[in-house]
Amino acid sequence: MKALYFESFGSSDVLQYGELPDPVIANKELLVQMEYIGLNYADIYRRKGNYHIEKHIPYINGYEGVGTVVEIGPAVAEYEVGDKVLFVDVPFANAELVAVPEEKAIRVPKTIDIQLIASIGLQGLTADFLAHDLGLNGKDENVFVHGISGGVGQILSQMLTADGVKVYGVTSTEEKQQLALNQGAEMVFVRNSGWESEYHSFFDTVYDGVGSTLLESTSLLKNRGKVVFFGMAGGNPPTIDFIQLLSQSKSILTGDLWDYLTSANERKERSARLFKYFEEEKMVTSPPTIYALKEGKQAHEHLESGKSIGKILLQPS
């Protein structure tokens with residue numbers, strides 16, 4: 001099979017494309033012919049050596065994608081050859097063929113385009129647990145989303161809007177600002193435009209996947225509000241004065257999707273809830289940017305540039 005791989009950690013220059021041995025599936029695994037592979041910031045961190053990556057010689061990045069089952073292990077009970085499946089936490093995805101444990105496969109509904117499924121998998125399930133396990137916002141509450149036009153931000157903001165929540169946000173350009181407004185946000189600010197002073201102590205919840213903005217996020221909260229902290233796309237968070245938070249009854253909640261996506265049944269229920277928003281046309285996403293798998297270096301550089309809107313997908317040739 002052809003795969004995107006690297007032998008040492010570093011910049012995008014370490015990425016190589018070439019022939020590697022096909023994976024051998026175990027009793028309860030599916031062999032999946034990949035159609036689209038999701039590229040995420042975590043893959044950048046893995047390539048640089050700053051994030052856990054599964055051992056393999058050479059390293060094969062990627063944990064998310066959509067494809068067709070071409071072989072099943074003898075103990076597989078729920079899937080057949082020809083089924084289309086999504087997975088969001090299976091290693092070695094940057095390849096034409098991936099061995100997927102049956103319990104980590106998610107059946108793809110025929111009602112949704114396969115490219116859209118590939119675009120909303122990991123980010124969509126992340127948004128679902130942020131909104132429905134951590135945020136738990138009520139109708140007409142005011143919430144703020146950092147990076148509202150990003151992969152998670154687009155889905156999260158529309159999910160909250162569909163749930164009756166009033167969503168505000170910030171993004172980097174006027175183009176991205178208009179995108180978020182078109183997707184139902186109440187108000188969207190352009191970063192570094194001085195908007196913050198008018199919204200101190202205003203929001204019930206702030207969703208922060210940037211990290212370096214955590215102190216700003218706490219200042220945006222009203223008393224008894226909460227920050228949902230879920231990532232560090234913009235760098236490590238600053239030191240927080242928890243005594244001050246205590247005096248204002250403000251909370252910081254955090255969590256990892258993998259502590260919520262713990263079984264085949266969890267995957268089935270959560271993905272069905274996510275897919276329903278799209279089936280009922282309560283959400284749209286920006287068209288993905290698609291690179292051939294052999295163009296992985298360019299795809300990584302595009303993601304790192306911060307200029308991407310929505311999802312970047314890799315497509316085996």
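**Entry 1**

I began with H2 and H7, which pack at an angle of about 110° with their axes 9 Å apart. That makes H2 roughly perpendicular to H7, a label for angles of 65 to 115 degrees. Axes here are lines fitted to C-alpha atoms, for helices over the stretch in contact, and angles run from 0 to 180 degrees between N-to-C directions. I looked up the contact (heavy atoms within 4.5 Å). On the H2 side I noted residues including Leu116, Ile120, Gly124 and Phe129. On the H7 side, Arg270, Leu274 and Phe278 are among them.

Before going on, I noted the ground rules. The model is predicted, so I keep in mind that local features need pLDDT of at least 70 and side-chain atom pairs count only at pLDDT 80 or more, while totals for chains, interfaces and linings use all residues. Residues are numbered from 1 along each chain as its sequence is written, and side-chain values use heavy atoms, with hydrogens and water left out. Helices (H or I, at least four residues) and strands (E, at least two) are DSSP runs, numbered from the N terminus.

Next I looked for nonpolar cores, meaning sets of buried Ala, Val, Leu, Ile, Met, Phe, Trp, Tyr and Cys residues joined through side-chain atoms within 4.5 Å. Buried is under 20% relative accessible area, exposed over 50%, and partly exposed in between, with a 1.4 Å probe and protein chains only. Which residues touch the most other members of the largest core? They are Leu156 and Leu160, in a set of 41 residues. Helix H2 (114-135), S9, H3 and helix H7 (264-279) each supply at least two residues of this core. The largest share, 11 residues, comes from H2. I checked Leu156: setting aside residues up to four places away in sequence, it touches Ala127, Leu130, Ala131, Val145 and Tyr207. A second, separate core has 28 residues, including Val85, Phe87, Ala299 and Ile312.

**Entry 1: the six-stranded sheet**

I traced an open sheet with parallel pairing, in the order S11-S10-S9-S12-S13-S14. Two strands pair if DSSP finds at least two bridges between them. Strand S11 (187-190) and strand S14 (251-254) stand at the edges with a single partner strand each, so one side of each has no neighbour in the sheet. Neighbouring strands are turned by 20° against each other on average, direction ignored.

I zoomed in on strand S10 (residues 166-171), joined to S11 by four bridges. Val170 stands opposite Phe189 in S11. Helix H4 (residues 174-182) lies across S10 and S11, at about 170° to S11. Helix H3 (residues 151-162) lies across strand S9 (142-146), S10 and strand S12 (203-208), at about 170° to S9.

**Entry 2: the three-stranded sheet**

Then I found an open sheet of three strands, S2-S1-S4, with antiparallel pairing. S2 and S4 are the edge strands, each with a single partner, so one side of each is left without a neighbour in the sheet. Four of the five residues of S1 are buried, so S1 is largely enclosed by the rest of the structure. Lys2 has Glu19 in S2 as its bridge partner. Tyr5 stands opposite Ile60 in S4.

In helix H1 (residues 41-48), I marked Ala42, Asp43, Ile44, Arg46 and Arg47 as buried. Their cover includes strand S1 (2-6), strand S3 (29-39) and helix H8 (296-305). Just after H1, Gly49 takes a positive phi of about 90°.

Is Asn61 buried or exposed? Asn61 is buried, with a relative accessible area of 1%. Asn61 lies in the loop between strand S4 (59-60) and strand S5 (65-72). A polar atom of its side chain lies 2.8 Å from the backbone oxygen of Asp43.

The peptide bond from Ile57 to Pro58 is cis, with omega near -10°. Pro58 sits in the loop between H1 and S4. Asn192 has a positive phi, near 65°, and is exposed at 72% relative accessibility. Arg224, in strand S13 (residues 221-229), has phi near 75° and is exposed at 75%.

Definitions and conventions:
Polar contact = N/O pair within 3.5 Å; in protein donor to acceptor, adjacent residues only side chain to side chain. Parallel < 35°, antiparallel > 145°, perpendicular 65-115°, else oblique.
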